[in-house]
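Trainee: I am new to this structure and would like to learn how to read it. Could you walk me through it?

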Amino acid sequence: MAELISPPEALPALEAWWGSLRQGPTVLPPAVVHRCSERLGSRDADVVIAGGTLGILLGAALARRGWRVILIERGILRGREQEWNTSRQELQVLLELELLTPTEWEAIQVTHYPSGRIGFGEGPTWWVEGVLNVGVDPVGLLEFLKQHFLDWGGQVREQTGFLSATVHPDGIRIQTTAGQLSAQLLVDAMGHRSPIVAQARQGQPPDSVCLVVGSCAQGLPDQPTGDLFYSFTPAQNGYQPFWEAFPARDGRTTYLFTYCDRDPRRPSLERLWQDYCRLLPAYQGAELAQIRWVRKLGGVFPAYRRSPLQLPGDRLLAVGDSSGSQSPLSFGGFGAMLRHLDRLQQGIHEALAQRQLDRAALALLQPYQPNLAVTWLFQKAMIPPLAEKNWDPNSINRLLSRVFEAMMAAGPQVVQPFLQDVVQLGGLAQALWGVMRRDPALVAALLPRLGLPELLAWAGHFGALGLYELLQRLADRPEATPQDYFWKRRREAWRYGCGRDHLS
Ligand SMILES: Cc1cc2nc3c(=O)[nH]c(=O)nc-3n(C[C@H](O)[C@H](O)[C@H](O)COP(=O)(O)OP(=O)(O)OC[C@H]3O[C@@H](n4cnc5c(N)ncnc54)[C@H](O)[C@@H]3O)c2cc1C
């Protein structure tokens with residue numbers, strides 16, 4: 001995975017990518033999707049999936065339903081060593097879709113811890129259960145899924161890179177480094193740097209990024225708990241440091257992460273790594289000399305307001321990080337895939353069965369989600385202003401303390417979905433009202449900093465969230481049961497878009 005910085009030479013490559021995102025494109029990305037009006041004739045598969053990390057989850061689900069799936073992976077189909085944190089409740093979908101046996105399902109959960117901490121600066125501390133408290137072993141998960149995928153008739157082509165695709169009226173031809181393949185549908189699971197997405201974005205730079213550095217290390221004091229969202233210092237060096245920590249199979253995982261725009265005064269990954277090493281002893285209570293690095297970690301997560309993205313042709317669908325459909329607040333792409341897996345596999349199944357494979361029909365499988373769009377404002381509020389001389393560097397911690405005070409007062413039914421990237425209308429309204437009541441001066445100082453265009457855009461998304469809540473309630477009535485492809489996708493868009501898919 002490109003985002004991990006063990007071995008150490010991966011850091012300069014990641015830094016160079018962050019540099020290029022900051023700068024914007026110097027040349028337009030090459031077109032890799034073309035069109036041809038001639039018919040293709042016979043096809044090698046129903047679906048080709050390019051990219052195996054999260055692609056195998058969908059591949060297994062489709063192969064299990066009897067579709068002929070070929071998965072191409074430019075490397076080896078193998079999970080990374082570093083665990084993904086999620087919850088048992090989110091993992092349940094793997095059992096429900098029968099992608100894993102109960103024994104395999106238990107075996108991939110290699111760590112559990114009881115509760116995670118939330119706290120900001122001098123503010124109060126809270127403990128939350130059932131969020132990011134399970135560490136999943138990606139190596140084991142992908143091994144089990146690959147085996148089932150092959151048993152269900154799927155084909156894996158490793159060391160086979162996607163090069164380009166040509167869309168025909170009756171199929172799509174895929175040019176790979178190992179020859180040609182043809183299918184009804186191409187699923188792009190090639191991550192943030194997908195060449196198909198690069199073509200669709202036409203070099204558009206991200207609106208913001210989340211930068212992460214961290215490690216899995218030994219020699220830190222044993223702690224049975226985690227940190228979900230924590231900070232203990234004010235904003236510094238043009239950014240606000242946040243921390244996450246998880247008990248891990250090989251030691252303890254700690255991340256320093258932050259939100260940035262593309263201003264050159266925002267930190268480099270090298271700067272973040274230096275600050276991480278400087279602050280880690282105070283954070284975890286261990287001398288740097290005592291720490292043994294098991295692996296060093298890092299990531300750059302670009303976020304685009306223009307999401308979901310229109311892909312450049314029929315018969316194309318993006319999933320996972322390439323789809324840009326995850327929250328701009330979290331880098332939990334595995335969690336986002338689990339959340340949408342059932343909806344996606346069912347939607348693709350119906351699209352194939354009913355031949356709804358044009359651009360408009362497939363776009364409904366990655367719909368606008370107002371409950372994610374409203375979180376852009378939170379992200380903006382967590383980026384320190386660079387121009388304001390008298391800005392208080394403790395104000396982000398103060399704001400977050402107030403937001404969580406309000407959410408905690410509203411109860412776990414508000415906090416838990418929020419921490420799992422599912423914002424709901426009632427919870428959001430309660431949190432905002434709670435902050436305004438508790439600290440009107442803080443809100444009054446924040447609003448001009450956010451600016452009118454940002455606030456108007458947010459109001460639009462908030463209105464859409466309310467509308468989606470209403471539509472999903474109307475559509476949920478027993479008499480509203482038409483079953484056609486378009487109607488079902490719209491219903492799902494309303495349900496997921498207002499966070500009513502959350503299980504709690
Ligand atoms: C440090 C770190 C910690 C994280 N922790 C968590 C966590 O705790 N919980 C969580 O939910 N998420 C977490 N994430 C996010 C999660 O890892 C990603 O969201 C997830 O890996 C995205 O998977 P993907 O398959 O969409 O993209 P990627 O992981 O980027 O995988 C893309 C795949 O496509 C392949 N590929 C690329 N180009 C081609 C090509 N041309 N042809 C064929 N194949 C190609 C690649 O080899 C790769 O296998 C973390 C990420 C990082 C960096």
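Trainee: Which elements each supply at least two residues of the shell around the ligand?

Mentor: Before we start, this is a predicted model, in which local features need pLDDT of at least 70, side-chain atom pairs count only at pLDDT 80 or more, and totals for chains, interfaces and linings use all residues. Residues are numbered from 1 along each chain as its sequence is written, and side-chain values use heavy atoms, leaving out hydrogens and water. Helices (H or I, at least four residues) and strands (E, at least two) are DSSP runs, numbered from the N terminus. Here β4 (84-86), β18 and α8 (333-353) each supply at least two residues of the shell, and α8 gives the most, with three.

Trainee: Which residues come nearest to the ligand?

Mentor: A residue counts as near if one of its heavy atoms lies within 4 Å of the molecule. Of the 27 residues around the ligand, Glu73, Asn85, Phe162, Asp321 and Gly335 come nearest.

Trainee: In what order do the seven strands of the open sheet run?

Mentor: Strands of a sheet pair through backbone hydrogen bonds, either parallel or antiparallel. Two strands pair if DSSP finds at least two bridges between them. The order here is β7-β6-β15-β16-β17-β14-β18, with mixed pairing. β7 (125-129) and β18 (292-303) stand at the edges with a single partner strand each, so one side of each is left without a neighbour in the sheet.
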